[in-house]
Amino acid sequence: MDQIETVEFVKKYLEDLLTFFDLNLEVSVKIEDGIVVASIPHSERSSILIGKNAETLRSIQNLLSTALHHKEASTVRVNLDIADYKKQHAEKIAEKARGWIEEVRRTGESKIVDLNAADRWTVHHLAGEYSDIDTHSEGEGRERRLIISQKSS
């Protein structure tokens, strides 16, 4: 599948899925930097589609990626957002990260934080804006932690 077919497939896949929830919504799909970016607008059933701790959202995203893989699509990485949940969540994590960074600056002690991969990426990205702050991750799998520290002089 080329990129145009991929976008059409994802749009139809998600809109068909939404009909199971008795929803008739216009899904936005595009490809950015080799990633399928799909967005489902807010509805009265958004919380069901997102699920607790976004587990349902991630499951739908994984199903979609698997379907693309089996269709031998040119692009199989998927970033799905529902009702701007991920965008709002990333903003909340960035706000917390600013507080953690200020704490590290104030105390001089490193801060260790348990975050999922997407949230760690958000903090790493934000920390890049601070010339005196360093971040890195340690551990494997579910035991992976983010460490925020002051750069050595």
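First, a word on the source. This is a predicted model, in which local features need pLDDT of at least 70 and side-chain atom pairs count only at pLDDT 80 or more, while totals for chains, interfaces and linings use all residues. Residues are numbered from 1 along each chain as its sequence is written, and side-chain values use heavy atoms, with hydrogens and water left out.

Let us begin with helix α1, residues 3–19. Helices (H or I, at least four residues) and strands (E, at least two) are DSSP runs, numbered from the N terminus. The expected span of a helix is 1.5 Å times one less than its number of residues.

Which residues of α1 are buried? They are T6, F9, V10, L14 and L18. Here buried means under 20% relative accessible area, exposed over 50%, and partly exposed in between, with a 1.4 Å probe and protein chains only. Viewed down the axis of α1, the buried residues fall within an arc of 160 degrees, so they line one face of the helix. The arc is taken from the directions from the helix axis to the C-beta atoms. On the other side of α1, the residues I4, E8, K12 and T19 are exposed. The cover over the buried residues of α1 includes strands β1 (28–32), β2 (35–40) and β3 (78–82), together with helices α2 (46–50) and α3 (55–70).

Next, the aromatic rings. Rings of Phe, Tyr and Trp (its six-membered ring) pair if their centres lie within 6.5 Å; planes under 30 degrees apart count as stacked, over 60 as edge-to-face and the rest as tilted. The count comes to one aromatic pair. The ring centres of F9 and Y13 are 5.8 Å apart and their planes stand at 45 degrees, so this pair is tilted. F9 and Y13 are four residues apart in α1, and therefore separated by about one helical turn.

I turn now to two buried residues. T75 lies in the loop between α3 and β3, and has 5% relative accessibility. Not counting residues up to four places away in sequence, T75 touches Q3, T6, I31, G34, I35, V36 and L68, where contact means heavy atoms within 4.5 Å. S137, in strand β5 (residues 133–138), is buried at 18% relative accessibility. Leaving aside neighbours within four places in sequence, the contacts of S137 are R120, H124, R144, R145 and L146.

Finally, salt bridges. A salt bridge is a side-chain nitrogen of Lys or Arg within 4 Å of a carboxyl oxygen of Asp or Glu. How many salt bridges are there? The count comes to 10 salt bridges. In one of them E26 joins K11, with the closest N and O atoms 2.7 Å apart. E26 lies in the loop between α1 and β1 and K11 in helix α1, so the pair ties together parts that are 15 residues apart in sequence. E26 is exposed at 59%, whereas K11 is partly exposed at 24%. Another salt bridge links E143 with R145, at 3.3 Å between the closest N and O atoms. Through shared partners, salt bridges join K11, E15 and E26 into one network.
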